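Subject: Structure for you to look at

Hi,

Here is the structure I promised to pass on. Please open it and keep it beside this email as you read.

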2 protein chains.
Amino acid sequence: MKGKLGRGVALVGAGVGKFGAFPRKDSRDLFVEAFRELVASVDNKGFDPTEIEALFIGNYSSELFEHQGHLAPILADWVGLTPRAALRVEGACASGGIALRQGVLAVASGLYDVVLVGGVERMTALPTEAVTDTLATAGDVLYEFPAGFTFPGFYAAMATAYAARYGMPYEALMEVARKNHAHGALNDKAQFGMTIRAIMDRRLAKAREKGGPLPGWRDELDFLRDPGANPPVAWPLRLFDCSPITDGAAAVLVVAEELARRFTDRPLRVLGTGQASDACLYGRADLTSLRSAREAAAQAYTMAGVKPSGVKLAEVHDCFTIAEVLAVEDLGFFPSGQGWRAARDGATHRDGTIPVNTSGGLKAKGHPVGASGVAQVVELWKQMRGEAGPRQVGHDVDLALAHNVGGTGQTCVVHIFGRG
Amino acid sequence: MKGKLGRGVALVGAGVGKFGAFPRKDSRDLFVEAFRELVASVDNKGFDPTEIEALFIGNYSSELFEHQGHLAPILADWVGLTPRAALRVEGACASGGIALRQGVLAVASGLYDVVLVGGVERMTALPTEAVTDTLATAGDVLYEFPAGFTFPGFYAAMATAYAARYGMPYEALMEVARKNHAHGALNDKAQFGMTIRAIMDRRLAKAREKGGPLPGWRDELDFLRDPGANPPVAWPLRLFDCSPITDGAAAVLVVAEELARRFTDRPLRVLGTGQASDACLYGRADLTSLRSAREAAAQAYTMAGVKPSGVKLAEVHDCFTIAEVLAVEDLGFFPSGQGWRAARDGATHRDGTIPVNTSGGLKAKGHPVGASGVAQVVELWKQMRGEAGPRQVGHDVDLALAHNVGGTGQTCVVHIFGRG
């Protein structure tokens, strides 16, 4: 692998819509919302959106979620960019990260100077069973689906394998959920912008209204330990170990580095990009680490010329709490077998040594699958520019990383950003 | 638009599987078949497939056709290329052309030296109604689908608009079908590798076996005029105006130009690439031309520094016969309103001034939608290298073009190739 880009690439704008359940909105509505925030985010108010030369759209399954294929040119039309080239890329829940990578490569190739990278997914209009079924097609439908595996089951298998190998207590996963909800409570775009405590208090208030005996929850862990409040989904994973079903979209503006100052005095530079694949889960020797994540991270670190210890903030793919544990190890932030301690000990909290998922992560912010990889980058954009509002981290973020996983790790994309 | 690539890109291998109805094969089986032919096509027998650094897969709707999402890493695994980056791109029936374009840009960016571009679609396992429904999602499911439009209807609207404007007799469309079946009869990979005459003779033989009165068909046009033999599908389009439902795959090997001679002494050069989008059909001012095709062609011609008159051979997107008529005008081979004469007068025949669809086109070769744009390039590869066997054109093909349309023209991709 050569692993070098022929031209520098920068981010000069970013937008994300409100994440949540909006069953009456479709992908177009969601995308337009993110696009509008992106246009408003460009510091140079002379920015004309028709300067955008091409659109790279991450979307997992508009076919199954809304029976609409060929989505990209429709989105281009909806934001007034016909006849610009528009294409969709798909790599399950890594579709957004792949879209970013394709946009970066297209600019690096010299063909384009200014491209839009978007991610979108409309999910909540379908019944939950249909969503679960659709998501399961990101595994292997020949060998895994007939065996009864859907996504909570896949990640439950990883959690049990990890716990068995490294002695992780399952309550460590609850600490990941607590942290990400605490972060999400500071994000007004989050689907579940509430701490676990606030969720617990709301339930207690409702129980009081109803009358009868009150649950005896004293704190967040108490609440999460209660199978009534936090029921098992696929053992050992419970409800609060799982990211939700979400509608949402996100977008970033990607330009040739030499043009970045036309758009803003504070661009981000794309320092590294990596992508790798893996066999489906049934074909892997090890369930306690994602090979694709380690490969993609190695590519991105090498290109950027940085080490994991230099990263000041990361958005990682916490589709399930165990996924964050694997991610912080696969990215080299913690040694193998130690990642489960990170949330518990505070290292990955907003005020920790390596804050992870300050947006609330997929867990609390929500997980509109094709949008998630782009929304991660929007969070890095805000944090690196000091525009993250109440959730802004205290230290200077001059190097940040996004880690976006597709399926059970058949795809992983890693991007590293610096300041321009 | 800058419209220049930072690095030269070449094709050094190409393969295509047999096209047809193989309901017991899935996308993996089909892709492996094309991959094997690609590996065998590389002249330097020292080629090691693990040199391939990434896979760009064009696929329209594995979700709806085989209930499998996240296809690309599975295909990578199936041909032994895990953990290489693998991604799927989608732009309806232009997915293959888009995949090629992304592969070309990835090499031009400097990141990769050697990439595989594949296209695959498995379609025939579903009932025809489900296939028609799935294809219709490449239009606008909000505004077109509820009005009763499926793809024969879309292209029928274009055919009537074109005929009304330019005085085309509908029999001109039959001449396109006759030509492409005549070409397809020389292609052993074609789904319908038979002339219209041979199809007619077969029917006559069957009628003789059965006894009773024989149809009075004297020649191919007689046969095609008979509504019994060539029934209307969506007026004025009849059965033989429509490309079939097909299973198939194709692949090409794309490398940095400076490395091409490591693989072959006879590489093809990617001289031009263009892509553009358009509104869905209901939103267009003109149904007699595809704006996206004219835009994409202009980009590709400009990049290549050539004119339409320099093109010696073209594969164009004849999903319906009328589509070929529009294509030869949109590409500048014929003036507006004159394209319908081309097949009738012989200009686009194999021995004509600008042979079009020597492979048989989508009409006779078959149309596995995500594969078609790549299979077009495989035909150019064979013709430009003098390896097209019985259908090799008589003149030297030093400049050739591929034109791949998605939907009703919401997407169009054009590539131009020269010899290395």
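Below is what was found, one topic at a time.

First, a caution. This is a predicted model.

**Where the chains meet**

Start with the contact between the chains. 60 residues of chain A are in contact with 60 residues of chain B. Look at the side of chain A. The elements that give two or more residues there are H2 (62-66), H3 (71-78), E3 (85-90), H4 (95-108), E8 (268-277) and H10 (291-304) of chain A. The most comes from E3(A), which gives six residues. What kinds of residue make up this side of chain A? They divide into 25 nonpolar, 21 polar and 14 charged.

**The nonpolar core**

Next, the inside. In soluble globular proteins, nonpolar side chains tend to be buried together. Here the largest nonpolar core holds 278 residues. Which of them touch the most other members? They are A:Val115, A:Val252 and A:Val374, along with B:Val115, B:Val252 and B:Val374.

Take B:Val374 as an example. Leave aside its neighbours within four places in sequence. B:Val374 is then in contact with residues including B:Gly58, B:Gly96, B:Ala99 and B:Leu100. Its contacts also include B:Val117, B:Gly118 and B:Gly119. B:Ala250, B:Ala251 and B:Val252 are in contact with B:Val374 as well.

**Two helices in chain B**

Two packed helices are described by the angle between their axes and the distance between the axes. The crossing is left-handed.

Now find the residues that meet. H6(B) brings B:Tyr155, B:Met158, B:Ala159 and B:Tyr162. H11(B) brings B:Ile322, B:Ala323, B:Val325 and B:Leu326. The residues of this contact divide into eight nonpolar, no polar and no charged.

**Backbone details**

Some backbone angles deserve a look. In chain A, a cis peptide bond joins A:Thr82 and A:Pro83, with omega about 5 degrees. A:Pro83 is in the loop between H3 and E3 of chain A. In chain B, a cis peptide bond joins B:Thr82 and B:Pro83, with omega about 10 degrees. B:Pro83 lies in the loop between H3 (71-78) and E3 (85-90) of chain B.

Then check phi. A:Ala92 has a phi near 55 degrees, a positive value in a residue other than glycine. Find A:Ala92 in the loop between E3 and H4 of chain A. Is A:Ala92 buried or exposed? A:Ala92 is buried, because 27 other C-beta atoms lie within 10 Å.

B:His70 has a positive phi too, about 50 degrees, and is not a glycine. B:His70 is in the loop between H2 (62-66) and H3 of chain B. B:His70 counts as buried, because it has 31 C-beta neighbours inside 10 Å.

**One residue in a strand**

Last, go to B:Val233, in strand E5 (residues 232-234) of chain B. Why does B:Val233 count as partly exposed? It has 19 C-beta neighbours inside 10 Å, and a buried residue needs 20 or more. B:Val233 and B:Ala156 are 77 residues apart in sequence. In space they are 9.1 Å apart, C-alpha to C-alpha. Not counting residues up to four places away in sequence, B:Val233 touches B:Pro152, B:Arg238, B:Leu239 and B:Cys242.

Best wishes

Notes. Residues are numbered from 1 along each chain as its sequence is written. Chains are lettered from A and ligands numbered from 1 in the order in which they are written. This is a predicted model: local features need pLDDT of at least 70, side-chain atom pairs count only at pLDDT 80 or more; totals for chains, interfaces and linings use all residues. A nonpolar core is a set of buried Ala, Val, Leu, Ile, Met, Phe, Trp, Tyr and Cys residues joined through C-beta atoms within 7 Å. A residue is buried if 20 or more other C-beta atoms lie within 10 Å of its own, exposed if 12 or fewer, and partly exposed in between; C-beta atoms are placed from the backbone. Two residues are in contact if their C-beta atoms, placed from the backbone, lie within 7 Å. A crossing is left-handed if the near helix is turned anticlockwise from the far one by less than a right angle, and right-handed if clockwise. Helices (H or I, at least four residues) and strands (E, at least two) are DSSP runs, numbered from the N terminus. Ala, Val, Leu, Ile, Met, Phe, Trp, Tyr, Cys and Pro count as nonpolar, Asp, Glu, Lys and Arg as charged, and the others, Gly among them, as polar.
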